[in-house]
Amino acid sequence: IKAYKNSARHSWALGAFDTSDNDDSGSLLAISARVSYAPIKSTIQTLHVGLSASRREGSDKPERVNIPAEIYSADSIVESIRIPAKNTTLLGAEGLYIRGPLLVQSEYLSQTVSATSDSAFNSATYAGYYLMMSYSLTGEKQSYKKGRATTIKPKHKTGALELVLSLINNRTSPQTTPRNSRWPPQHPTQ
């Protein structure tokens, strides 16, 4: 079930999904929501802010976080152990600013995996953010439509040239450890 609305300045979406694998291991219910608003939207500049949340009630199946690197052929930059999960909660915040050929956008995401009581592992939290700035060197203007930045359209048949700077930070809580271990690990002489 999904409901949504997009307009020039705001968007919202709400959904409830059965994400089970049809393998008779029980239902996995996911409820997700996202809202965004553009308090500034003109032909000169746009400012966009948004929030998102998702809750997944599990069937005690193992959950694993796998965050790929920004390069297509690269390995994952975060790949967690599989934790038998009773539920998973995702929270996010986003921001976007456009002024002519300049685009600045950022997003923060946090995911908490709540381990089942019989799991050998504690619950874990993964969080991260990115900040990306881009500037069209060939003069194309970024545009914004229905709550999202759209891709630039080249002015010339030869294409467009864009300079991009990106900063990415991901972290894991120390609770991604076996239940009976000590964190941080102690040096043998201590």
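This is a predicted model: local features need pLDDT of at least 70, side-chain atom pairs count only at pLDDT 80 or more; totals for chains, interfaces and linings use all residues.
Is Leu-14 buried, partly exposed or exposed? Leu-14 is partly exposed, because its relative accessible area is 47%, and the class called partly exposed lies between buried (under 20% relative accessible area) and exposed (over 50%), computed with a 1.4 Å probe and protein chains only.

Residues are numbered from 1 along each chain as its sequence is written, and side-chain values use heavy atoms, with hydrogens and water left out.

First, the overall picture. The chain has 13 strands and zero helices, where strands (E, at least two residues) and helices (H or I, at least four) are DSSP runs numbered from the N terminus. Of the 190 residues in the chain, 25% are buried. The chain exposes about 12600 Å², and 57% of that comes from carbon and sulfur atoms; accessible areas here follow the Shrake-Rupley method with a 1.4 Å probe, and for residues only the protein chains shown count as cover. Contacts (heavy atoms within 4.5 Å) also tell us something about the fold: among those between residues at least 6 apart in sequence, 57% join residues at least 24 apart.

Back to Leu-14, which lies in strand 2. Together with Trp-12, Leu-29, Ile-31, Val-35 and Leu-51, Leu-14 forms a nonpolar patch on the surface, with about 540 Å² of accessible area in total. Patches are built from residues with over 30% relative accessible area and no salt bridge, with nonpolar side chains (Val, Leu, Ile, Met, Phe, Trp, Tyr) joined within 5 Å and like charges within 9 Å. Strand 2 (10–18) and strand 3 (29–41) are the elements that give two or more residues to this patch, and strand 3 gives the most, with three.

A hairpin of three residues joins strand 1 to strand 2, and Lys-2 stands opposite Gly-15 in strand 2.

The structure holds two salt bridges, each defined by a side-chain nitrogen of Lys or Arg within 4 Å of a carboxyl oxygen of Asp or Glu. In one of them, Glu-94 meets Arg-34 with the closest N and O atoms 2.6 Å apart. This pair links distant parts of the chain, with Glu-94 in strand 8 (residues 83–99) and Arg-34 in strand 3, 60 residues apart. Glu-94 is buried at 18% relative accessible area, whereas Arg-34 is partly exposed at 23%. Arg-55 forms a salt bridge with Glu-57, where the closest N and O atoms are 2.8 Å apart. Arg-55 counts as partly exposed at 36% relative accessibility, and Glu-57 is partly exposed with a relative accessible area of 36%.

Two further residues deserve a look. Gln-105 is found in strand 9 (residues 102–115). Not counting residues up to four places away in sequence, Gln-105 touches Gly-95, Leu-96, Tyr-130, Leu-131 and Met-132. Lys-146 sits in the loop between strand 11 (143–145) and strand 12 (148–150). Phi of Lys-146 is near 55°, a positive value in a residue other than glycine.

Key:
Two strands pair if DSSP finds at least two bridges between them.
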